[in-house]
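Hi,

Here's the structure I promised to pass along.

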Amino acid sequence: MEFLLQPLTLLTFFPLLGVLVILFINAEAKNIIRWVALVTSLITFGISLWVLTMFDASNVNLQLVARYNWITVAGWNIQYFLGIDGLSILLVLLTAFLTPISILSTWTAIEERVKDFMIFFLLLEVGMTGVFLAQDLFLFYIFWEFTLVPMYFLIGIWGGPRRIYAAIKFFLYTMAGSILMLLAILWLGIYGGTFSVPDLVALGGIPADIQWWLFLAFTAAFAIKVPMWPLHSWLPDAHVEAPTAGSVILAGVLLKMGTYGFVRFNLPLFPEAAVRAAPWIALFATIGIIYGAMVSYAQKDVKKLVAYSSVSHLGFVMLGLFAMNPQGIAGAILQMINHGLSTGALFLLVGMIYEQTHTREIKVYGGLWKITPVFGSIMLIVSLSSMGLPGLNGFVGEFTILLGAFGSQAIGNTAYAIVSALGVIMAAVYILYMFQKMFLGPQGEIVDEVKQHGHALRDLNWREIVTIVPLLLFIFWIGLYPKPFFALMAPAVEHLVGMLPIP
Amino acid sequence: MNLTPQDYQVLTPYILLTTWASVLLLVDLFIPKERKSLTALLAALGLAVTLGFTLSQIGIEQTGFYSMVVLDGFSTFVNALLLLSGILGVALAHGYIKRMGIERGEYYTLLLFSVSGMMLMAQATDLIVVFIALELLSIPLYVLAAFARPQISSEEAGMKYFLLGAFATGFVVYGTALVFGATGSTNLYAILASASNGTSNLLLTIGAALVLVGFGFKVAAVPFHMWTPDVYQGAPTAVTAFMASGAKIAGFAALLRVFATAFPTLAVDMTDILWALAALTMILGNLIAISQTDIKRMLAYSSIAHAGYILMAFVPYGDPAVRDVSIAAGLFYLVAYAFTNFGAWGVVIALEKKEEKGLAIADYAGLGRKHPALAAAMTVFMLSLVGLPPTLGLVGKFYLFRAVIAAGFTGLAIIGVLTSLISAYYYLRVVVTMYMKDGEPSAERETWLGLTTALTAIITVVVSLVPQSLFAWASEAVLKLF
């Protein structure tokens, strides 16, 4: 019992309880299944808030630790080891926050095999939370790989026309990176005699040349997940084909697993290699920012546009992380949250309109603001947040990152920050282009087409508003008063930076 | 000749099972045709009793019959696994051979004899005994492969397996003769003693290499794998399931014992050969599996590929620092493979129809909707074969790759993980077909089949979460081997 009642264990595995309940519900009772899933994820969110109340931001060590020996024979020393600190708490909260929102968004969008959908979705939540909490490399790897399985089903069963291709591509691409990481994990386990991350960090002393290879192996796994240019090609396919809730979680949380991996593992475990790689990562990140923005602008499909904008936004996060100073890393972590909120909201909104029109082609839309004023206004706020308008959340993150990148000794060249700043302007271009084409100007052909099928385009209903408003709340909160968010992570970030051997 | 009761104690499980099989052969004559389930039950009972006896011998270390056989932790571990495979083999066969119209009592007797041959193989410490055991395990399997006669593919399978198997046995015998010529003995300990006396001996090396070729056939390692797809496809599926686990376990057990006990001095030469064999087997097995459209053929190539993974554990057998861990990892992987393999073949059996229908991967379309439990079980097995959580396959690979890296063969480990990635593609295709394509599959509902599939699926998941005791047992099993 003591094991099960650990707050972090409870937080990670509570959704399994919902899975068990759903397993015994008749598949035809769709609404009951939906409610069970929603309530489960809301309670999980409640647990995450409980964890927040117990969290002490000023303590840079792992907190609420649940640590038990798991496999300890024949030179193995694997532990069941969960812990939370300033680097992960916001991401854990984001996961628990986005899951109920995503479930709510599927209320009418998913009608087929609701039971299977909810089971996979809750399993996915277990995997994601586990990734952010695991402090033992073996345990981490299990959660990390496990998230692939439910996501693969979510894309493959409930996705768009090319769903099977997208699902397999997503799976193989991600697995290609993680198996290299597996070898590096095994090497570390042999080297340190333990898989515990804090112990390995404390041990240190990995020879520089080996450190470089291990760094590359971990980077392979995380860079594909982020995704960093030029490893991003799975992302548009997966995003476009995934059902709305899948896209929200994919953009909101799964991509963050990659960037989180860099913070949690690459920087502290391989500090010398990380410093050595910083200019290169900065270069790739900058290319990603510009490339993502340019490709976004060229898209005809609105979901694809949002997908490529992720490549650009995640480039900022990477730039911030490898600036390796407090501003850069804190900005990057905040930007992970911001991206989860803004892009999550964008995918939700695109999904809401898609549910009515069944098309995502930008050119058939137009003048929507007049017809659906609430939808249009919310879309405007979210778009502005995504392009980084001061006063909204995106600005705070990007500004802090650029501040960090300008002053970064690790990157050593302000050119990256200058070029990246252009990315902010380019974001305005593609986002406003999308907004203008879809919501302003003359009425698009889709409006009449939908009318011909008997029902005119409607504005958001109460459920959709309930789904989106919590996101808006945080978009404003972080934009206007980000201090509490920075306060949660600042000591941990300072501590991390202190460990890096910056020249 | 002075034989003490201790000599017999060493072989008690083997004697028990052989006697049981011989008696069952007679008893079966009096069991009417429509009540052959009784034979199945008796066969399973015999295996279970022997299993119980084997488990009671845990911890006993003893040699017998003038050091021709041995009872040790290793043989007990392998024998327990073999007997379990036998029980699962009977459970899978029971409904299947009835449904396919090939139910004859000999089936179970042959299976029992084959298991006893495998057990003797795990205990043999003399190349002559190895040879006898090899024949005893193989000949019933040749017959079983052709059990669905007059179905042409089954006859072909039996014939092919027999011809190539005989050829392989020939290699073992020839190798044994050369080893005898080089060292003057067929006893593994005597061979080691003679070989350690210094002078490098070309004859011994060639002899050992020939023995390796013979076992390479048995465990289906590339380039000795040619028979595998045809035999696995043509043989009755229940036989294939048993063959894929049992013959592989026994082959690896013998390979391991012979090489670890008799040929550690040859490790310098053998390591490179084993390295190449393992790499080739993993690469080719996984690559060819991609293009298969028949589930039996696909699983056959998958079985070849897994032989490659297990071979990895043998590569460092001459390195005292890591060989224990590495061979324990091999044993653990054999267990993981056996459970997963039986489960996967169980699902194949559930979907197979008469006249070799229902065996295309395309026939699995819609299974996720129509038979959710069966599809979920198959998903578990496919994930385990890829090596993904939460399954034994992942823990097995983790253990195995760790041993390989610890031994310094990082290149081989990289080949191993990259081929796993390739394998994800074709295993996932089964999952894609089951869940993401529409179809109207129909599956048999048989009690024993259902139980076997469910049990193996549950074990595959649950043991992966609490593998501690299995790890411990596997590591203890190899301690006295060297």
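How many residues of domain 1 of chain B are in contact with domain 2 of chain B? Before I get to that, some housekeeping. This is a predicted model, where local features need pLDDT of at least 70, side-chain atom pairs count only at pLDDT 80 or more, and totals for chains, interfaces and linings use all residues. Residues are numbered from 1 along each chain as its sequence is written, while chains are lettered from A and ligands numbered from 1 in the order in which they are written.

Back to chain B: 43 residues of domain 1 touch 51 residues of domain 2, where contact means C-beta atoms, placed from the backbone, within 7 Å. The domains are 1-262 and 266-482, with bounds from an automatic or database domain assignment, and their C-alpha centres sit 21 Å apart.

On the domain 1 side, α3 (73-99), α8 (202-219), α9 (227-234) and α10 (237-262) of chain B each give two or more residues. Helices here are DSSP runs (H or I, at least four residues), numbered from the N terminus. α10(B) gives the most, with 13 residues. By class, that side has 26 nonpolar, 13 polar and four charged residues. (Nonpolar is Ala, Val, Leu, Ile, Met, Phe, Trp, Tyr, Cys and Pro; charged is Asp, Glu, Lys and Arg; the others, Gly among them, are polar.)

Cheers

Technical notes: Contact = placed C-beta atoms within 7 Å.
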